[in-house]
Amino acid sequence: MTDPIADFLTRIRNAASAKHRVVEIPASNLKKEMTKILFDQGYILSYKFIENKVQDIIKIALKYDKDSMQPIIKKLERISTPGLRKYAGANEMPRVLNGLGIAIISTSRGVMTNKKARQENVGGEILCYVY
């Protein structure tokens, strides 16, 4: 697999469009941090890290609108790819959907949202947009 982050986002996107309740994803430290951010920002219902001998798994319970059964996550968009990395400084952090969405940023102080990176005055690689 050349881009595990794109695979992570695609699995969530596909499960949400198929209206699955739970999606299982092969785990890595970066994916675990991204999952925690999605939970903290209210985009997913819950998550669980399952340890295996071969590879750990992340189980994510997706969140849907109660009335229309539409997924809370409207769009997951990969920004920085292995072929073309996208970086932003602390003063040029992107605003996603005019502040309604989030950008997940990989910084020297760990993985965080664009809002937190702006507060801590750090730049980094823009992994994805979520709204």
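Modeller: Phe 49 has a relative accessible area of 30% and is partly exposed, a value that, like the others here, comes from a predicted model.

Colleague: Why is Phe 49 called partly exposed?

Modeller: Its relative accessible area is 30%, and because buried means under 20% and exposed means over 50%, a value in between is called partly exposed.

Colleague: How many aromatic pairs does the structure hold, and what makes the pair of Phe 39 and Tyr 47 edge-to-face?

Modeller: The search of the whole structure finds 2 aromatic pairs.

Colleague: Why is the pair of Tyr 47 and Phe 49 called tilted?

Modeller: Tyr 47 and Phe 49 are 5.1 Å apart from centre to centre, with 45° between the planes, and because stacked requires under 30 degrees and edge-to-face over 60, this pair is called tilted. Taken together, ring pairs link Phe 39, Tyr 47 and Phe 49 into a cluster.

Colleague: Are Phe 39 and Tyr 47 buried, exposed or partly exposed, and how do you know?

Modeller: Phe 39 has a relative accessibility of 35% and Tyr 47 has a relative accessible area of 28%, so each falls between the limits of 20% and 50% and counts as partly exposed.

Colleague: What makes you say that Lys 32 lies over the face of Phe 49?

Modeller: Lys 32 is placed at 5.4 Å from the ring centre of Phe 49, where the distance limit for a charge over a ring is 6 Å.

Colleague: How do you know that strand E2 and strand E3 pair, and in which sense?

Modeller: Strand E2 (residues 44-50) and strand E3 (residues 57-62) are joined by 6 bridges in the antiparallel sense, whereas pairing asks for at least two bridges. One of the bridge partners is Ala 61 in E3, which stands across from Ser 46, and the two strands form a hairpin with 6 residues between them.

Colleague: Which strands make up the open sheet, and why do some of them count as edges?

Modeller: The open sheet has 3 strands in the order E1-E3-E2, with antiparallel pairing. Strand E1 (22-26) and E2 each have a single partner strand, so one side of each is left without a neighbour in the sheet, and they stand at the edges. On average, neighbouring strands of this sheet are turned by 20° against each other, direction ignored. E1 and E3 are joined by 5 bridges and run antiparallel; in E3, Ala 61 is the bridge partner of Val 22, and Lys 59 stands opposite Glu 24.

Colleague: Which residues of E1 are on the covered face, and which on the uncovered one?

Modeller: Val 23 and Ile 25 belong to the covered face, while Val 22, Glu 24 and Pro 26 belong to the uncovered one. In a regular strand, side chains alternate between the two faces of the sheet.

Colleague: What makes strand E8 largely enclosed, and which strands pair with it?

Modeller: In strand E8 (residues 124-130), 6 of the 7 residues are buried, so the rest of the structure largely encloses the strand. Strand E4 (residues 76-78) joins E8 through 3 bridges and runs antiparallel to it, with Glu 77 facing its bridge partner Tyr 129. Strand E5 (residues 87-88) is antiparallel to E8 as well, over 2 bridges, and Tyr 87 stands opposite Glu 125. Strand E6 (residues 102-107) pairs with E8 in the antiparallel sense over 6 bridges, among them one between Ile 104 and Cys 128.

Colleague: Why is Ser 108 called exposed, and where does it lie?

Modeller: Ser 108 has a relative accessible area of 72%, and because exposed means over 50%, it is called exposed. Ser 108 is placed in the loop between E6 and strand E7 (110-113).

Note on methods: Residues numbered from 1 in each chain as written. Predicted model: local features only at pLDDT ≥ 70, side-chain atom pairs only at ≥ 80, totals over all residues. Heavy atoms only, no water. Phe/Tyr/Trp six-rings, centres within 6.5 Å; stacked < 30°, edge-to-face > 60°. Buried < 20%, exposed > 50% of the residue type's maximum accessible area, 1.4 Å probe, protein only. Lys NZ or Arg CZ within 6 Å of the ring centre and 35° of its normal. Helix = DSSP H or I, 4+ residues; strand = E, 2+ residues; numbered from the N terminus. Axes fitted to C-alpha atoms, helices over the stretch in contact; angles between N-to-C directions.
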